[in-house]
Amino acid sequence: MGAGVVAKAVATVAAVDLGASGGRVMVGEVGAGQLRLHEIHRFPNVPVQILTTLHWDILRLYRDVLDGLRSAARDFDLAGIGIDSWGVDYGLIDSSGALLGNPVHYRDARTDGVVADVLSTIPAQELYAVTGIQQLQINTIYQLAAAARTPQLCAARTCLLIPDLLGYWLTGEVGAEMTNASTTQLYDAATQSWATQIMERAGIPARLFPALRPPGAVVGELLPEAARLTGLGGRRGLGGRGGLAGRGGRGAPCPVIAVGSHDTASAVVSVPAAGRGFAYISAGTWSLVGVELDRPVLTEASRIANFTNETGVDGTIRYLRNVMGFWLLQESVRVWSDAGLPADVDSLLQDAARLPPLRAVFDPDDPVFLPPGDIPARIADACRQNGQREPQGPAETVRCIVDSLALAYRRAVLQVQELSGGQVDTVHIVGGGARNALLCQLTADACGLPVVAGPVEATALGNVLVQARSLGAGPADLDGMRALLRATQRLRRFEPAGDARAWEAAARRLPT
């Protein structure tokens, strides 16, 4: 339990969950045999192009967070707030505590060519042996290397990842939560500490990085202004709503509590598995496909396969591979909508389900699909280059996307067993992808394994479970949390039904 926190039979907490395409503020109620989630405020996360640079609209996101917390405070007596988001992106803070410009989006082109520059100084094998992180040009190390000689970095005194930045604005407290820090490629996977030697060799000042804190630690109580804007209790002795008195007039301070602040870390908490023989797919804008381990896998074979070792809740390792995910569908829908074509996702998926499987497939992890733009045209080009008939129209393109994602999941599940030495008997799909029945069934078919789909709001549920434990309510360990999820959440099971040989043949069409 966090220092200064009073144990509660039932903890009512707010989960701020920011994804790459949208955010939400949820309220969770956790107690013995009890886990309920209420949606309070949902909002889009739309990047902004300023001249040639793509930025996150972080001030708009913070405004939405405040609005959501204020709405939650009207109906619930909140005992805590937890914040999670996507990884790798950051804000720079100067010596006065001010933000030095809107954070740059990981899809911005500033990292083009930077990976080779960094690897000329730190060989890829050595970098992986320390950090264990998948080689992606979006990683924080490459973003900071690209910014090395900019005025902003020269003026910066602190680098805060997105959840830590929002927590700083709410509490005034500086720190770095470990699960998100582990995504930066500036973190030692074995010692679970900052890799300062890697920072120095990459030309990144180690002084920028604050002390690490684990999930469950109390970040701090709300600053007076944050308490006033949200209607929640602030720092002790400052009062709460209506004079900032908290709901019910008790004026209790509402702490911000560190959770698994990388959204996948919180989502993996909510994998409703029994035992250890499971793989998970956290399916959203990105799909994270992997297993939960006790220690990192830092072998050369793991590096070549491009698997990543990220810290999870309770010191676990999220051993996984990033797959491009629903970004392919989201960006395709945007392109079709801009062109005046029908672009209703549910209708497109229904149309795609009626089409023959595996007519054409592509590798979702090809870097050509990372930047925004005409994804359908890139898919057609990839199919054409592999000697396949290119998809004709939106429905065929959606079918191609879903088949290709299932094929990528199959590859990752097979590889993760070989590399980790473990066996998988069930695949759990959590997050928004759990709603996609076509993808869930195709994943079962492709992997030849049963798929359990749900919960959809896995990240928010993991967020509230870790907060509740810090407050002395709910299960005390991951096994208990997962048992509570199985007992309270709606899950759906898909059995493999397809022809395994067809998936093997489709895999051979892709470049190795």
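Q: Contact means heavy atoms within 4.5 Å. With that in mind, what is threonine 443 in contact with, leaving aside its neighbours within four places in sequence?
A: This is a predicted model, and in it threonine 443 touches Ile281, Ala406, Tyr409, Ile429 and Val451. Threonine 443 itself is part of helix 16, which covers residues 437-447.

Q: Why is threonine 443 called buried?
A: Buried means under 20% relative accessible area. Threonine 443 comes out at 0%, so it is buried.

Q: Why does alanine 274 count as exposed?
A: The label exposed needs over 50%. Alanine 274 has 62% relative accessibility, so exposed it is. You'll find alanine 274 in the loop between helix 10 (263-269) and strand 15 (278-283).

Q: How far apart in space are alanine 274 and alanine 483?
A: Their C-alpha atoms are 7.3 Å apart, although 209 residues separate alanine 274 from alanine 483 in sequence.

Q: Which residues meet where helix 17 and helix 18 touch?
A: Leu461, Leu465 and Arg469 from helix 17 come up against Met481, Leu484 and Leu485 from helix 18. The contact splits into 5 nonpolar, no polar and 1 charged.

Q: What makes helix 13 roughly perpendicular to helix 15?
A: Helix 13 (residues 345-353) packs against helix 15 at about 80°, with the axes 8 Å apart. The perpendicular range is 65 to 115 degrees, so helix 13 is roughly perpendicular to helix 15. Residues meeting there include Leu348 and Asp351 in helix 13, and Val398 and Arg399 in helix 15. This contact has 8 nonpolar residues, no polar ones and 2 charged.

Q: How many residues does the largest nonpolar core have?
A: The count is 116, and Ile81 and Tyr319 have the most contacts inside this core. Helix 15 (residues 393-420) gives the most to it, with 13 residues. Another core, of 29 residues, lies apart from it and has Leu92 and Trp194 among its members.

Q: How do you know that valine 88 and glutamine 185 are buried?
A: The cut-off is under 20%. Valine 88 has a relative accessible area of 7%, so it is buried. Glutamine 185 has 1%, so it is buried too.

Q: What is the phi of valine 88?
A: Phi of valine 88 is near 70°, a positive value in a residue that isn't glycine. Glutamine 185, also not a glycine, has a positive phi of about 65°.

Note on methods:
Residues numbered from 1 in each chain as written. Predicted model: local features only at pLDDT ≥ 70, side-chain atom pairs only at ≥ 80, totals over all residues. Heavy atoms only, no water. Helix = DSSP H or I, 4+ residues; strand = E, 2+ residues; numbered from the N terminus. Nonpolar A, V, L, I, M, F, W, Y, C, P; charged D, E, K, R; others polar. Core = buried A, V, L, I, M, F, W, Y, C linked by side-chain atoms within 4.5 Å. Buried < 20%, exposed > 50% of the residue type's maximum accessible area, 1.4 Å probe, protein only. Axes fitted to C-alpha atoms, helices over the stretch in contact; angles between N-to-C directions. Parallel < 35°, antiparallel > 145°, perpendicular 65-115°, else oblique.
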